[in-house]
Amino acid sequence: MHITQLNRECLLHLFSFLDKDSRRNLARTCPQLQDVFEDPALWPLLHFRSLAELKKDNFLLSPALRSLSICWHSSRVQVCSIEDWLKSAFQRSICSRHESVVNEFLLQVCDRCPNLASVTLSGCGHVTDDCLARLLRCCPRLRELRLENCARVTNRTLAAVAAHGRALQTLHVDFSLRAEHSAAMIPDQPPRGLPAPGSALRKLLPR
């Protein structure tokens, strides 16, 4: 039996065992499999392990999406987590390559995935309060939000949670301040008039 002779349910089940790249490659073989690839039922869960994956065309964003995770574990994560005023010119050049990647992706999620129930962002050092506030407004069914080493998150995100996170059951915010001393490429003392590293973050942590 040829694969295209399988019914829709079988094809969806077959696709479900493949990673995103394999699904994309299989879909390119014929229009029938491309149609299966574009079925929202195939995409209730999306997990990304690098920012480069967000720019690919090997997945579908739709109202069927329920769980999203972007977990970026890389040496660059340490650079992204450093306060902007502490970064060297070299570190800023690294960050500039991917500064808006996650925010732009999350804006697409806001527009296309209103039924999202769970979001995990780990190592997304450039995600902003405004982007997270919009996510909370556009995804009213969001029950779980986990933020790990998202260095730009402030009290404004917590205020947005209180205002818009009506369905939220789990909020996890975790920071690792060790990134501030990454590779000894930053000054030992903050500029005059600025708070010590991590002092703003400590205000968000439970006592």
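How many aromatic pairs does the structure hold? The structure, a predicted model, holds four aromatic pairs.

**Close-up 1. The aromatic pair of Phe37 and Trp43.** The ring centres of Phe37 and Trp43 are 5.3 Å apart. Their planes stand at 80 degrees, so this pair is edge-to-face; the cut-off for that class is over 60 degrees. Both partners are shielded from solvent by the accessibility criterion: Phe37 is buried, and Trp43 is buried as well.

**Close-up 2. The aromatic pair of Phe48 and Phe105.** Between the rings of Phe48 and Phe105 the centre-to-centre distance is 5.3 Å. With 75 degrees between the planes, the pair is classed as edge-to-face. Phe48 belongs to strand β1 (residues 45-48) and Phe105 to helix α6. The two residues are 57 residues apart, and their pairing links distant parts of the chain. Phe48 and Phe105 are both buried. Together with Phe59, they form one aromatic cluster.

**Close-up 3. Helix α6 against helix α7.** Two packed helices are described by the angle between their axes and the distance between the axes. Here the axes of α6 (residues 101-112) and α7 (residues 129-138) come within 9 Å and cross at roughly 15 degrees. The two helices are therefore roughly parallel, as the angle falls under the 35 degrees cut-off for that class. The crossing of α6 past α7 is left-handed. On the α6 side, the contact is made by Asn103, Leu106, Leu107, Val109, Cys110 and Asp111. On the α7 side, Cys131, Arg134, Leu135 and Cys138 take part. Sorted by class, the contact comprises seven nonpolar residues, one polar residue and two charged residues.

**Close-up 4. Gly123 in the loop between β3 and α7.** Gly123 sits in the loop between strand β3 (118-122) and helix α7. The relative accessible area of Gly123 is 2%, which means that this residue is buried. Cys150 is 27 residues from Gly123 along the chain, yet the C-alpha atoms of the two are separated by 5.8 Å.

How values were computed: Residues numbered from 1 in each chain as written. Predicted model: local features only at pLDDT ≥ 70, side-chain atom pairs only at ≥ 80, totals over all residues. Heavy atoms only, no water. Axes fitted to C-alpha atoms, helices over the stretch in contact; angles between N-to-C directions. Helix = DSSP H or I, 4+ residues; strand = E, 2+ residues; numbered from the N terminus. Parallel < 35°, antiparallel > 145°, perpendicular 65-115°, else oblique. Left-handed = near helix turned anticlockwise from the far one by under 90°. Contact = heavy atoms within 4.5 Å. Nonpolar A, V, L, I, M, F, W, Y, C, P; charged D, E, K, R; others polar. Phe/Tyr/Trp six-rings, centres within 6.5 Å; stacked < 30°, edge-to-face > 60°. Buried < 20%, exposed > 50% of the residue type's maximum accessible area, 1.4 Å probe, protein only.
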